[in-house]
Amino acid sequence: MPSLHIDRLNKTFGDHRVLTDMTFSVREGEVYGFVGSNGAGKSTTMRIALGVLSADSGQVRFGDAPLDDDLRRRIGYMPEERGLYAKEKIADQLTFFGRLHGMQSAAARTNAETLLEQLGLGERMDDRLEALSLGNQQRVQLAASLVHDPDLLILDEPFSGLDPVAVEVMSEMLLERARAGVPVMFSSHQLDLVQRLCDRVGIVAHGSMVAEGTVEELRAGGPLLYDVATPARGWYPPGTTLIEESPEGVVLQATSPEQDQEILRAALDAGPVHSFTRRVPDLTELFRETVKAV
Ligand SMILES: Nc1ncnc2c1ncn2[C@@H]1O[C@H](COP(=O)(O)OP(=O)(O)OP(=O)(O)O)[C@@H](O)[C@H]1O
């Protein structure tokens, strides 16, 4: 499957600049987490990729080809504002969605029913959407984005408001698509989930990509913090910064990874050292630091 390329997108609404040279790629078989504060420009980027909005400049490509309406039929999309019909039976709606994407009725119906079974809604196929709980409606939304066996998935906050079981079921379905080679991107504020599911993560701030990489890469690029459990104080080598002090010990920030030995030696010279570890930030801490620094 080709990769999705978002290439230098710019967008303003009136005099409000929302995207500035937004650039990233989602590769074949990759799950890509698209994270950023409220209003950072995630939905706008996804809407442009879908052709619902137009960019002022920049390009969206699928492989080498600019995304046109034909290619867009191959995308599975879950918009933030959702967009299914409240009064229609869910299996009928999904079949209709499949047909809109060019499928034959029978194949669309089969896919719709299989997906609803997988999502635990086999008994509800003939219910109207409005009769389902919000979480179950969201499962139907996911089914709508998958019914036509898309070659690319773009999902705007697919996990918001779901219970843990639904999160597991939906995660597994997305991973399954990725394993089949589909590039999958989704936005989310649930950073623990992003950390667990995504091969790569892009952090957006003020309409631009400010950090990108695997979770491990992002964590390795975070601040060099060392936890030193020791009662001694005031022994800190030049160039290090004291970040935290507690009865158990101190946290020092180094300027280079090589400084770790110097810190350890200085601590041992000053008193007993009960433990010495690099503190590796999780995605939530990294996110906070990255967004704060912009
Ligand atoms: N149609 C529009 N007209 C005017 N401003 C808009 C429009 N759509 C989005 N915006 C503005 O663009 C900015 C980016 O919005 P966007 O929805 O892309 O952010 P987001 O990163 O998806 O945020 P969230 O995490 O809250 O969903 C916001 O300041 C928003 O108010």
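**Notes on helix packing and the domain contact**

1. Starting with α5 and α6: G135, R139, L142 and L146 in α5 meet A166, M170 and M173 in α6. Sorted by class, that contact of α5 with α6 comes to 5 nonpolar, 1 polar and 1 charged residues. Keep in mind while reading that this is a predicted model.

2. On the geometry of this pair, α5 covers residues 134-146 and α6 covers residues 164-179, and their axes cross at roughly 5°, coming within 11 Å. An angle under 35 degrees counts as roughly parallel, so α5 is roughly parallel to α6.

3. A word on confidence. The mean pLDDT of the protein is 93, and 100% of its residues reach 70 or more. As for the model scores, ipTM is 0.96 and pTM is 0.87.

4. Next, the other helix pair. How far apart are the axes of helix α3 and helix α4, and at what angle do they pack? The axes of α3 (residues 90-100) and α4 (residues 105-118) are 8 Å apart, and the angle is about 130°. That angle makes α3 oblique to α4. As for handedness, the crossing in which α3 passes α4 is right-handed.

5. Which residues make that contact? From α3 you have I90, A91, L94, T95, G98 and R99. From α4 come S105, A108, R109, N111, A112, E113, L115 and L116. In terms of class, the contact of α3 with α4 has 7 nonpolar, 4 polar and 3 charged residues.

6. Zooming out to the domains: the domain assignment of the protein puts residues 4-219 in domain 1 and 221-293 in domain 2. Their C-alpha centres lie 40 Å apart. The two domains do touch, with 14 residues from domain 1 and 11 residues from domain 2 taking part in the contact.

7. Which elements give two or more residues to the side of domain 1 that touches domain 2? They are α7 (191-197), β9 (200-205), β10 (208-213) and α8 (215-220). The largest share comes from α8, with 4 residues.

8. Last point, on what that side of domain 1 is made of: its residues facing the contact with domain 2 divide into 10 nonpolar, 2 polar and 2 charged.

Key:
Residues are numbered from 1 along each chain as its sequence is written. This is a predicted model: local features need pLDDT of at least 70, side-chain atom pairs count only at pLDDT 80 or more; totals for chains, interfaces and linings use all residues. Domain bounds come from an automatic or database domain assignment. Two residues are in contact if their C-beta atoms, placed from the backbone, lie within 7 Å. Ala, Val, Leu, Ile, Met, Phe, Trp, Tyr, Cys and Pro count as nonpolar, Asp, Glu, Lys and Arg as charged, and the others, Gly among them, as polar. pLDDT is the predictor's confidence in each residue, from 0 to 100. Axes are lines fitted to C-alpha atoms, for helices over the stretch in contact, and angles run from 0 to 180 degrees between N-to-C directions. Angles under 35 degrees count as roughly parallel, over 145 as roughly antiparallel, 65 to 115 as roughly perpendicular and the rest as oblique. A crossing is left-handed if the near helix is turned anticlockwise from the far one by less than a right angle, and right-handed if clockwise.
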